[in-house]
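Please keep the model open while reading.

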Amino acid sequence: MMDYEKQSQRLAEIAAKLLEEETVEAVLGLRDNPEAGWPTPYCARNPQDAKRLVWNDACYTNLAFYLTEMREKTAIAAKPCDVRSIINLISENQLDRDNFIIIGIECEGMRKDGKLAPGCDACPSSTPSFWDIAIGADGADTWCDLPMAQTGENVTQWAKTSTVEERFERFLKEIDKCILCYACRQACQGCYCVSCFMDRKATPWEQIDADTGSKIAFHLNRAMHLAGRCTDCGACEKVCSAGVNLKYIYKGLSEFVEETYGFKAGVDPEATPVMNRYEADDPQVAFLGGDCIVGI
């Protein structure tokens with residue numbers, strides 16, 4: 001059973017010790033933020049700052065992307081989905097493993113609006129797969145290995161049992177809600193391009209119209225950019241103010257990549273990203289011919 005008070009206490013102790021001994025220059029975590037209504041990113045730089053770090057069931061923000069912005073040696077408080085994202089960023093050469101320490105924190109799923117947060121319903125494990133310092137569910141330095149809900153949607157199965165019209169209707173229903181604010185892109189660990197393809201069409205005085213065509217272009221292009229790179233953390237849906245639920249597309253692509261190429265993002269930091277490798281006997285799909293695929 002989760003004991004967030006003990007986890008918070010242990011996190012603050014570990015952070016204070018790492019800063020006091022100058023093992024790291026900063027500890028990246030979350031702090032209470034009553035104005036926001038949920039804990040928000042916080043960087044502790046001395047042992048006194050470490051007391052402000054918190055851990056509770058609303059700590060759903062993925063901190064992995066913030067780590068790419070740190071220039072000093074840093075420790076990061078990371079739950080399993082954060083660690084999957086960190087692994088993906090290491091494999092894409094966006095992080096240097098020598099420059100950070102992972103304080104892995106056991107998590108049975110975060111909550112948002114009174115229910116499991118997006119992505120938490122399909123998280124495969126309560127424990128990070130990669131860590132330097134462990135904080136278990138009870139605040140100890142060993143894992144409790146809590147069972148996960150595993151109630152997430154099987155997108156591939158849904159795609160195989162639905163019609164083209166039903167899939168198109170679902171997509172347009174979600175697109176209609178989008179206001180093209182790009183919050184999903186900003187929260188995503190995989191969207192780190194200095195210049196996004198959408199911004200190249202805009203100027204400071206003339207932004208992209210949130211018409212249906214632009215919204216479809218943005219979301220479909222973003223989905224293709226994340227093929228084989230999405231770690232299913234749900235950050236995109238967690239931050240969406242309009243309630244757009246398009247994670248099923250990214251999840252469907254991840255399931256397709258894993259089934260076709262045997263690759264899953266966020267598992268092995270030494271693995272070559274699936275889009276960066278080629279084998280002569282790779283399965284041929286889509287316009288290259290070969291197996292029939294089901295669109296989502």
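Phe218 is buried, at 1% relative accessibility (buried is under 20% relative accessible area, exposed over 50%, partly exposed in between; 1.4 Å probe, protein chains only). This is a predicted model, in which local features need pLDDT of at least 70 and side-chain atom pairs count only at pLDDT 80 or more, while totals for chains, interfaces and linings use all residues. Residues are numbered from 1 along each chain as its sequence is written, and side-chain values use heavy atoms, with hydrogens and water left out.

**Aromatic pairs**

Five aromatic pairs occur in the structure. Rings of Phe, Tyr and Trp (its six-membered ring) pair if their centres lie within 6.5 Å; planes under 30 degrees apart count as stacked, over 60 as edge-to-face and the rest as tilted. Two of the pairs are tabulated here.

| Pair | Centre to centre | Angle between planes | Class |
|---|---|---|---|
| Trp158 and Tyr248 | 5.6 Å | 85° | edge-to-face |
| Tyr182 and Phe218 | 5.0 Å | 75° | edge-to-face |

Tyr182 sits in the loop between helix 5 (164-177) and helix 6 (183-187), and Phe218 in helix 7 (residues 212-225), so their pair ties together parts 36 residues apart in sequence. Helices (H or I, at least four residues) and strands (E, at least two) are DSSP runs, numbered from the N terminus. Tyr182 is buried, with a relative accessible area of 11%. Ring pairs also bring in Phe197, giving a cluster of Tyr182, Phe197 and Phe218.

Tyr248 is buried at 3% relative accessibility. Which residue lies over the face of Tyr248? Arg170 does, at 3.7 Å from the ring centre. Arg170 also lies over the face of Trp158, at 4.5 Å from the ring centre. The rule requires NZ of Lys or CZ of Arg within 6 Å of the ring centre and within 35 degrees of the ring normal.

**Nonpolar cores**

In soluble globular proteins, nonpolar side chains tend to be buried together. A nonpolar core here is a set of buried Ala, Val, Leu, Ile, Met, Phe, Trp, Tyr and Cys residues joined through side-chain atoms within 4.5 Å. The largest such core has 46 residues. Those with the most contacts inside it are Leu11, Val27, Trp55, Leu67, Ile86, Ile103 and Met110. Elements giving this core two or more residues include helix 1 (4-20), strand 1 (26-31), helix 3 (80-91) and strand 4 (100-105). Helix 1 provides the largest share, seven residues.

Ile103 touches residues including Leu11, Val27, Ala75 and Ile133, leaving out those up to four places away in sequence (contact means heavy atoms within 4.5 Å). Another core, of 28 residues, lies apart from the largest one; Val155, Tyr182, Cys184 and Ala223 are among its members.

**Cavities and a pocket**

Both come from a 1 Å grid over the protein atoms alone: a cavity is a set of points where a 1.4 Å probe fits but cannot get out, a pocket is an open set with protein on both sides within 12 Å along at least five of seven lines, and lining residues have an atom within 4 Å of a point. Points are joined across faces, edges and corners, and a volume is the space filled by probe spheres set on the points.

There are five cavities of 30 Å³ or more.

Of its 22 lining residues, Pro118, Asp121, Glu237, Asn245 and Lys247 are the closest to the centre. Helix 9 supplies the largest share of the lining, three residues.

**Single residues**

Asn93 is not a glycine, yet has a positive phi of about 60°. Asn93 lies in the loop between helix 3 and strand 4. Is Asn93 buried or exposed? Asn93 is exposed, with a relative accessible area of 68%.

Gln150 also has a positive phi, near 50°. Gln150 is partly exposed, at 47% relative accessible area.
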